[in-house]
Amino acid sequence: MYGRVERALFCDLHVRRLPLNDLKAAYQPRFGITARQFNSVRTFLDGKVRAVREGLTLRLANLREKVKSTEKNVAELTKKLAQLHKNRKSIEPGSAHKLRFKLHHKKRRLHLLRTKLSRLETEAARSVPRLTFGSNKLFRAQFHRKENGFSSHAEWKAAWKAARSSQFVCVGSKDETGGNQSCTYFSADDTLRLRLPSDLIVEGDDKYLSIPDVAFQYGNDVIRAALCVEGGQALTYRFIRRSAKTRTGHATNEYEWFVQVTTERVAVAKTTDRRLGAIGLDLNPALIAMATLDRYGNPVSTEHFPVQLHKRSSGQIEATLADVIADIVLQAHSQHLPIVIERLDFTR
């Protein structure tokens, strides 16, 4: 149901450009959802549309840099080739041929980049963002079923429908009970209460679905602290359905549900003071360099923390860095020194 509402709202809001307030009033009786559930669909959909547009902007910037760099290479190679033709007597055998060969392929690459850039600029000029519910990769898999592990079109279509309805979001608000009206977590008995859409409520049954024994493996302390904030704090719940896997990692026909919670960490008291100095960090492929400075900016001590990041998974890298960072933060906390890190922009 969430997937149907989301796709219908995309057409009405972003394609037909209908007024949002009119859609909100019409969608509640049409799909049997509450106003808060409509807001959740709209908020998450807006996030998807914004992500598509921002991703397109970043791809355009990267592609323009590649075109600019390749144009510079072509100009340099053309100049070198012209100089070689001027000095024919001193040309080494085959050097002109190698240069022409390199220039030819640089021009081919430039043509491909300009063609791709033209397509992306046309895409960016569209008033309606190109958004595929279920992913472009899975949509294209129907045309090459055997290569993607599908024995028939019916099997692909079942996977396509499952992907398009694999998640739903309940956006929270600080002025609601438990930070969320549509989904509320009761930490006293670890119960999650989900507000059902009207069309899914069987006559005579409760409008809430209670899910017992919900324990969050990570961030449980943050969630419990958010529930105790005076004045309330918003908690957003995201339910995700994934294919269950065997011990060997192969997908089965069964599904498992996961729930993720997003909220702000409760602010803690500041314990550092810049007037005492600072700790500066530099992250390198093989080590983290730490320098302790006094209040005048003079180095007091240095220390290196070796880290192995090469040829490791993202999870292993995160675990390695977390252990080192925990030690550094502990030192900073004991000395009441702020930590200074560099912010690098790798766009170019």
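This is a predicted model: local features need pLDDT of at least 70, side-chain atom pairs count only at pLDDT 80 or more; totals for chains, interfaces and linings use all residues.
User: Which sheet do E7 and E8 belong to, and what is the order of its strands?

Analyst: The order is E9-E8-E7-E10, an open sheet of four strands whose pairing is mixed. Strand E9 (299-306) and E10 are the edge strands, and because each has a single partner strand, one side of each is left without a neighbour in the sheet. A parallel pairing is found between E7 and strand E10 (residues 339-340), which share two bridges: Gly280 is partnered by Val340 in E10, and Ile279 has Ile339 in E10 as its bridge partner.

User: Which helix packs on this sheet, and what angle does its direction make with that of E8?

Analyst: Here one reads the contacts together with the angle between directions. Helix H8 (residues 314-335) packs on the sheet and touches E7, E8, E9 and E10, while its direction makes about 5° with that of E8.

User: What is the order of strands in the sheet that contains E3, and in what sense do they pair?

Analyst: That sheet is open and has three strands in the order E2-E3-E4, with antiparallel pairing. Strand E2 (183-186) and strand E4 (208-211) are its edge strands, each pairing on one side only. On average, and with direction ignored, neighbouring strands of this sheet are turned by 20° against each other. Looking at the individual pairs, E2 and E3 are antiparallel over four bridges, with Phe186 partnered by Thr191 in E3, whereas strand E3 (residues 191-195) is joined to E4 by four bridges, again antiparallel, with Leu194 partnered by Leu209 in E4.

User: Why does Gln37 count as buried, and what does Gln37 touch?

Analyst: Burial is judged from relative accessible area, with buried meaning under 20%. Gln37 is at 10% relative accessibility and therefore counts as buried. Its place is in helix H3 (residues 35-86), and, leaving aside residues up to four places away in sequence, Gln37 touches Ser182, Arg195, Leu196 and Pro197.

User: Is Arg4 buried or partly exposed?

Analyst: Arg4, found in helix H1, is partly exposed, with a relative accessible area of 47%. Separation in sequence and separation in space should be read side by side: Arg4 and Val41 are 37 residues apart in sequence, and their C-alpha atoms are 10 Å apart.

User: How many residues does the largest nonpolar core have, and which of them have the most contacts inside it?

Analyst: A core is best read through its residues and the elements that supply them. The largest nonpolar core has 19 residues, and those with the most contacts inside it are Leu9, Phe10, Tyr27 and Leu45. Helix H1 (2-15), helix H2 (20-31) and H3 are the elements that give two or more residues to this core, and H1 supplies the largest share, six residues. Leu45 touches Glu6, Leu9, Phe10, His14, Leu131 and Phe133, not counting residues up to four places away in sequence. There is also a second, separate core of 13 residues, which includes Val67, Leu99, Leu103 and Leu113.

User: What radius of gyration does the protein chain have, and what would a compact globule of 348 residues have?

Analyst: The protein chain has a radius of gyration of 28 Å, whereas a compact globule of 348 residues would have one near 20 Å. Along the principal axes, the C-alpha atoms fill a box of roughly 100 × 65 × 50 Å. Buried residues make up 29% of the 348 residues, and the chain exposes about 24,100 Å², of which carbon and sulfur atoms supply 53%. Among contacts with a separation of 6 or more, 55% are between residues 24 or more positions apart. The protein chain that these values describe has eight helices and 10 strands.

How values were computed: Residues are numbered from 1 along each chain as its sequence is written. Side-chain values use heavy atoms; hydrogens and water are left out. Buried means under 20% relative accessible area, exposed over 50%, partly exposed in between (1.4 Å probe, protein chains only). Contact means heavy atoms within 4.5 Å. Two strands pair if DSSP finds at least two bridges between them. Axes are lines fitted to C-alpha atoms, for helices over the stretch in contact, and angles run from 0 to 180 degrees between N-to-C directions. The radius of gyration is taken over C-alpha atoms; the globule rule is 2.2 Å times the number of residues to the power 0.38. Accessible areas come from the Shrake-Rupley method with a 1.4 Å probe; for residues, only the protein chains shown count as cover. A nonpolar core is a set of buried Ala, Val, Leu, Ile, Met, Phe, Trp, Tyr and Cys residues joined through side-chain atoms within 4.5 Å.
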